[in-house]
Amino acid sequence: MKNGVKIDRNNRVIFVKDLEKSFGELNVLSGLNMDLFKGENLVVMGRSGSGKSVLIKVISGLLKPDKGVVNVLGQEVDKISTEELQALRLKIGFSFQSSALYDSMTVRENLEFPLVRNLKNIKSKEVDKAIEEVLENVDLPQTINQLPSELSGGQKKRIGIARTLILKPEIMLYDEPTAGLDPITSVEINNLINEVQQKYNTSSLIITHDLTCAKLTGDRVAMIVDGNFLTQGSFDDVFNTNDERIRGFYNYNFINDNTNKKLNNFK
Amino acid sequence: MEPNSKQKFIISKKIDEFFIDIYKVFSFISRFFKEAFSPPFEFQEIIKQCYEVGYKSLVLISLTGFITGLVFTKQSRPSLSSFGASSWLPSLVSIAIVRAMAPLITALITAGKVGSHMGAELGSMKVTEQIDAMEVSATNPFKFLVVTRVLAITLMLPILVMYFGFIGMMGSFMNVHANELTSYTAFFKEAFSSISFLDIFSSVLKSIVFGFTVGIAGCYQGYNAQYGTVGVGKAANTAVVVAMFLIFIEEMIIVQFVNAIR
């Protein structure tokens, strides 16, 4: 249990078995197995190009697997009909690395979009209430009439998360939630991920290469190397190893942290 | 000189890619028809896109239509006057505008303005994952983005063509009136007497086909854009080039078809 959320180890919300995915001759995922339990935050770490984002896109049905089983909330995403997949997607929130806010719409319209399109009989007062609530939860009520181009990187991430939360998903998929953000904003986003887990009782799959993010948000951490999980467990278990492929990852971040400290001292 | 094996491989690969592209375009078009005629229908978005395509093109169409009518009349006068037939100017201009110039010029302008906009807009949505975001929020992005835009331009282009024709005739009338002092009634009576139902029909048919072509070319290029901002620019550019090329091919085919039944 972390953040006061109980993890139900008997209830798998995502179940991946022997997953393979290639692009041409490039094998990205090769026989990957994964479980995500109800109420759990699972962090998947790995180098750029190791297949982290491909994994999350296969789970959300944006990419089709070449082989293997991808089961989300009891349904195999690559075997169900388009209508069933759309219904399933209402239970999955996807926070994109680039935030992927609709440029031509204001924050209100961005938040309104999934709501009015999926809940046909919803009244305008209910829409307003849901938007207010979700903006309060991400602490950005003042941005309601702004365009995405007027927001900072951190604000975009928050609104991107708010847009997924408005449909009250059971599973959250975060693709590099802290990429490109300053350390303070990164910590705020990490806290938000934990708050989402508590308030919305979500199970989350967090793709990142940020050690701080993994440490702060993960109940369990899995390290992906060459298209498969090399190891998984608690943050300390994963990084208490002599495996160079993991140590190198850790050391790189450690060097960066030290460099940042030196720079701060210099300033 | 005989091509070596590497050159043969490149040629063979290019031919393969060409036929794969053709297959993809036809798949895209067949998906359009499948999605366009299956509920739910995106009426509100279609109306919004009609406004974007139609209303926002009016100034450009007005300007080009007026200048086309005026200049064409001015350029044609010396030839007709040389054998005392300047009274045929309204007939000549109306036939030229209704049969050929209005659909062709309007379609080319629309390909440049709307087709490139569609290619760039959908292309940037694609490379910034906005289309994926739409898909994971349980919205069909093809229906919402592609079907609505293609239907909007297919519906609006015939209206824009008629508007172009009217403004072009007004430009022509101003020139004729300034030179021959012909009245408004006399000018339009003479102009309309030369136009048959088949001329109007072919003009409307062309504009529907051209509109569909511009919409499909723009949306196909944008929806399949790749490689970041470079891909967006390429999508916008290719959308215009392909649409313009196809418009001329279609013009030639439809003219042959209409002349055969005339």
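Author: Let us begin with the interface. The area buried between chain A and chain B is about 1600 Å², and carbon and sulfur atoms give 52% of it; buried area is the accessible area (1.4 Å probe) that two parts lose on being put together, summed over both. A:Arg89, A:Tyr102 and A:Arg117 supply 31% of the area that chain A buries against chain B, more than any other three residues. This is a predicted model, in which local features need pLDDT of at least 70 and side-chain atom pairs count only at pLDDT 80 or more, while totals for chains, interfaces and linings use all residues. Residues are numbered from 1 along each chain as its sequence is written, chains are lettered from A and ligands numbered from 1 in the order in which they are written, and side-chain values use heavy atoms, with hydrogens and water left out.

Reader: How many residues does the contact take from chain A and from chain B?

Author: Contact means heavy atoms within 4.5 Å. Chain A gives 20 residues to the contact and chain B gives 15 residues.

Reader: How many salt bridges are found across the interface of chain A and chain B?

Author: A salt bridge is a side-chain nitrogen of Lys or Arg within 4 Å of a carboxyl oxygen of Asp or Glu. By that rule, 3 salt bridges cross the interface of chain A and chain B. In one salt bridge, A:Arg89 pairs with B:Glu135, with the closest N and O atoms 3.8 Å apart. Over all chains, the structure holds 21 salt bridges.

Reader: How is the packing of two helices described?

Author: Two packed helices are described by the angle between their axes and the distance between the axes. Helices (H or I, at least four residues) are DSSP runs, numbered from the N terminus. Axes are lines fitted to C-alpha atoms, for helices over the stretch in contact, and angles run from 0 to 180 degrees between N-to-C directions. Helix 3 (residues 107-118) of chain A packs against helix 5 (residues 153-165) of chain A at about 30 degrees, with the axes 8 Å apart. Helix 3 of chain A is therefore roughly parallel to helix 5 of chain A, a term for angles under 35 degrees.

Reader: Which residues meet in helix 3 and helix 5 of chain A?

Author: A:Val107, A:Asn110, A:Leu111 and A:Pro114 of helix 3 meet A:Ile159, A:Ala162 and A:Arg163 of helix 5.

Reader: What are the helix and strand counts of chain B?

Author: Chain B has 9 helices and 0 strands (strands are DSSP runs of E, at least two residues). The C-alpha trace of chain B spans about 65 × 60 × 35 Å along its principal axes.

Conventions
Angles under 35 degrees count as roughly parallel, over 145 as roughly antiparallel, 65 to 115 as roughly perpendicular and the rest as oblique.
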